[in-house]
Structure formats: structure tokens, C-alpha cells
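Please keep the sequence and the 3D view open while reading.

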Amino acid sequence: MFRAMNATKILKGMVLGVVLLLPASGWSETNDEDLPRLTVSAEGTINVPPDKAVLSFAVETVGEKLSDVQQGNQERVAKVLEECRRFNIPSEFIQTTSLNVIPEYPPPPRRQADGTLENNVPRIIGYRVVHQVNVEVRNLEIVGKVVDRVLHVGANKFSGIAWGLQNEQPTKLEVLKQASAKAQAKAEALAQALNLKLVRMINVSEGGNSPSPSEGRYRMAMAMDSGGDASVSAGEISIRGSVLLVYEISQK
């Protein structure tokens, strides 16, 4: 009797062990990663005229004494900002993007005839203060005038003009619709050419969409040489977006 009971327990343990060792995938649904698939992508582009311009310029001041350099820089920046307000540019459209204080050092030590360097400990001989400002102008007719005036009253560095849209969302949505239609048409063409069937769409992802402006590199020298207001042309900017579609496919 004892041996029979032991045999029964051993048999049950073996059956349980077999059940526990069965692969879990036997009860799971098919993983999408294992499905045959077709991946396509497409880009949409819409060209539109801009309705705003962002001017990027700086006031740079150099001197021996830091307090004097800072004060001189602040005075020139104040004149620049006041000139912007004369054009009815709101304060919220005027932004300081960086303010740097840079120590100035003498040239590096010279090498002696015997190959050794002069024993010269670096020392600060002055300071350079650079105040970078971005100004958003929504009246494109005055862009050239603003550039000329800010350079005349104190700004001595001009990086350029970035054109853009005040509200990009409607155009971005149209770009994504355009990209989606192109991607879908591409998938259907590939499926037809390869004798495949598009079973279902299993993934959609949006790529980056951003304006690609024709950035005006209108330099300071050009503005200062002109006798009057600078002539600035906005042209058009390109709003781009991309879409990636993934389809499950099968043979027809």
C-alpha cells in the first residue's frame, strides 16, 4: 500500500512538472512583431508667405574695468530697446537670449631661443560684455527700418532674420494630411506591384514638422552703408512634416 501511494504521488508530480514546463506562448496571441509588414514614409511640404520676422542682434562692449564696461553696455542696450518701442513693438516681443561677460587676456607667451617659454602668468587685461537680443516684428513693412535704427543707436552685431508664422498649427495639420495621403498611396502602389495585400495598419507615427525659412543674412555692413531704409524681402517659407505608416501584409 505504501509503495502504491508513493507511486501515485510521484506520477502526479511528474504530470504537474510537465504542465509547468509547457511554453507560455502556447496560450498567447500572435505577436505583432512576428507579422510580415510593409513600412512606408512620406513628407509633405507647403510654401507660405511669412507673417513675422525675428531679428537677432547684439550689443558688444569692451574695456578695462568691468563696471564701466557693464554700464556702457546697459546704456547702449537701453537705447536699442527704446528704439524698438518707437516702432510700437510690444515688450513681450523683445527678449534677451544671452548675456555674457568674457575676460580678455594678453597674447600667449613667446617661446625663447632656447626653446623655453617665458614665465608669464595669464592675467586679465579687460572685459568684453555681449548682450544678445531677439526682436519679433509682425509688421513686415518696417523690418528694414528696425534693423537700420537699432544698428544706428547702439547694436553692433547683427546675426540675421528668421522668418516665420504667428500661428503654424493650421498649416502643420495640412502638411500632415498631405504626408499621410502620399504614404498611403505609396503603400498601395508597392502592394500592387509586389502582389501583396494590405491587411491592416498596425502603426502610425508622425515625424518632425517645422518651418524651413529662407533666413535672411542681412549683415550689419549692408545696413550701415545704405543711405536709407534697408530693402528686405520676406519671400516664402516651407512648412514640412513627415508620416511613417506600418501595414500588416499577406500574399494575395
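Predicted model: local features only at pLDDT ≥ 70, side-chain atom pairs only at ≥ 80, totals over all residues.

The points below go from the whole chain to its cores, helices and charged pairs.

1. **Overall make-up.** The protein chain holds five helices and eight strands. Along the sequence, their order is α-β-β-α-β-β-α-β-α-β-β-α-β. The chain has 252 residues, and 30% of them are buried. Its accessible surface is about 16300 Å². Carbon and sulfur atoms account for 53% of that surface.

2. **Contacts along the chain.** Take the contacts between residues at least 6 apart in sequence: 87% of them join residues at least 24 apart.

3. **The largest core.** The largest nonpolar core has 30 residues. Leu-55, Phe-57 and Val-135 have the most contacts inside it. Several elements each supply at least two residues: strand S2 (52-63), helix H2 (66-86), strand S4 (126-137), helix H3, strand S5 (157-164) and strand S8. H3 gives the most, with six residues.

4. **Leu-55.** This residue lies in strand S2. Is Leu-55 buried or exposed? Its relative accessibility is 0%, so Leu-55 counts as buried. Setting aside residues up to four places away in sequence, Leu-55 touches Val-133, Asn-134, Val-135, Val-137, Val-143, Val-146, Val-147, Phe-158, Gly-160 and Ile-161.

5. **Val-135.** With residues up to four places away in sequence left out, the residues touched by Val-135 include Ala-53, Val-54, Leu-55 and Phe-57. Cys-84, Ile-89, Phe-93 and Ile-94 are also touched by Val-135.

6. **Helix H3.** This helix covers residues 143-153. Why is H3 largely enclosed by the rest of the structure? Because eight of its 11 residues are buried. Those buried residues are Val-143, Gly-144, Val-146, Val-147, Asp-148, Val-150, Leu-151 and Val-153.

7. **Helix H4.** Residues 169-193 form this helix, 25 residues in length. From first C-alpha to last, H4 reaches 36 Å, close to the 36 Å expected at 1.5 Å a residue. Its buried residues are Thr-171, Val-175, Leu-176, Ala-179, Ala-183, Ala-187 and Ala-191. What do these buried residues of H4 pack against? They pack against strand S1 (37-48), strand S6 (196-206) and strand S8 (237-251). Just after H4, Asn-195 takes a positive phi of about 60 degrees.

8. **Ser-238.** Look for this residue in strand S8. Ser-238 counts as buried because its relative accessibility is 12%, under the 20% cut-off. The side chain of Ser-238 makes a polar contact with the side chain of Asn-47, at 2.5 Å.

9. Side chains of opposite charge can pair when their charged atoms come close. The whole structure has 12 salt bridges. One of them joins Glu-60 and Arg-128, with the closest N and O atoms 2.3 Å apart. This pair links distant parts of the chain: Glu-60 is in strand S2 and Arg-128 in strand S4, 68 residues apart. Glu-60 is buried, with a relative accessible area of 14%. Arg-128 counts as partly exposed, at 24% relative accessibility. Glu-60 and Arg-128 also belong to a network of salt bridges with Glu-104 and Lys-157.

10. **Further salt bridges.** Arg-85 pairs with Glu-82 in a salt bridge, the closest N and O atoms being 4.0 Å apart. Both residues lie in helix H2, three residues apart, about one turn of the helix. Arg-85 is partly exposed, with a relative accessible area of 39%. Glu-82 is also partly exposed, at 38%. The side chains of Glu-168 and Lys-172 meet in a salt bridge too, at 3.3 Å from N to O.

Note on methods
Residues numbered from 1 in each chain as written. Heavy atoms only, no water. Helix = DSSP H or I, 4+ residues; strand = E, 2+ residues; numbered from the N terminus. Expected span 1.5 Å × (residues − 1). Buried < 20%, exposed > 50% of the residue type's maximum accessible area, 1.4 Å probe, protein only. Contact = heavy atoms within 4.5 Å. Polar contact = N/O pair within 3.5 Å; in protein donor to acceptor, adjacent residues only side chain to side chain. Core = buried A, V, L, I, M, F, W, Y, C linked by side-chain atoms within 4.5 Å. Areas by Shrake-Rupley, 256 points an atom, 1.4 Å probe, with all protein chains shown as cover.
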